[in-house]
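Biologist: I would like to go through this model feature by feature. Please give the general idea each time, then the case at hand.

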Amino acid sequence: MSAFPARRTTRTDQLGVWVSSTRQRRDKLTAEQRAALAALGMDWAGAVPAVEAAPEPPAPQPAPPAASKKQPVREHHEV
């Protein structure tokens, strides 16, 4: 038998813990998740920052021409 009575938790307690945990980890949420929470009225979710378009990669440069060194043709009996 326990010296302390068991604590009864309510759904409100559980929801409060979830909100607190989610709020603390909001930087790990996706933009879609934060937008959904903001739409539900969670002010702390805040406006999701716009993702800037990545700059275009530079155009591929043509490979410099390789020095064309012709190898002498050797017969199979030459070493």
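**Reading the fold and one arginine**

Modeller: The protein chain has two helices and zero strands. Keep in mind that this is a predicted model.

Biologist: What share of the 79 residues in the protein chain is buried?

Modeller: Burial is judged by relative accessible area, with under 20% as the cut-off. Here buried residues account for 6% of the 79 residues. The chain exposes about 8,100 Å², and 58% of that comes from carbon and sulfur atoms.

Biologist: Where does threonine 22 lie, and why does threonine 22 count as buried or exposed?

Modeller: Threonine 22 sits in helix α1. Its relative accessible area is 12%, so threonine 22 is buried. Setting aside residues up to four places away in sequence, threonine 22 touches Leu29, Leu37 and Trp44.

Biologist: Why is leucine 29 classed as partly exposed?

Modeller: Partly exposed covers the range between the buried limit of 20% and the exposed limit of 50%. Leucine 29 has 22% relative accessibility and therefore counts as partly exposed. Leucine 29 belongs to the loop between α1 (11-24) and α2. Beyond its neighbours within four places in sequence, leucine 29 contacts Thr22, Arg34 and Leu37.

Biologist: Which backbone oxygen lies 2.7 Å from a polar atom of the arginine 34 side chain?

Modeller: That of alanine 45. Alanine 45 is also 16 residues from leucine 29 in sequence, with 9.4 Å between their C-alpha atoms.

Technical notes. Residues numbered from 1 in each chain as written. Predicted model: local features only at pLDDT ≥ 70, side-chain atom pairs only at ≥ 80, totals over all residues. Heavy atoms only, no water. Helix = DSSP H or I, 4+ residues; strand = E, 2+ residues; numbered from the N terminus. Buried < 20%, exposed > 50% of the residue type's maximum accessible area, 1.4 Å probe, protein only. Areas by Shrake-Rupley, 256 points an atom, 1.4 Å probe, with all protein chains shown as cover. Polar contact = N/O pair within 3.5 Å; in protein donor to acceptor, adjacent residues only side chain to side chain. Contact = heavy atoms within 4.5 Å.
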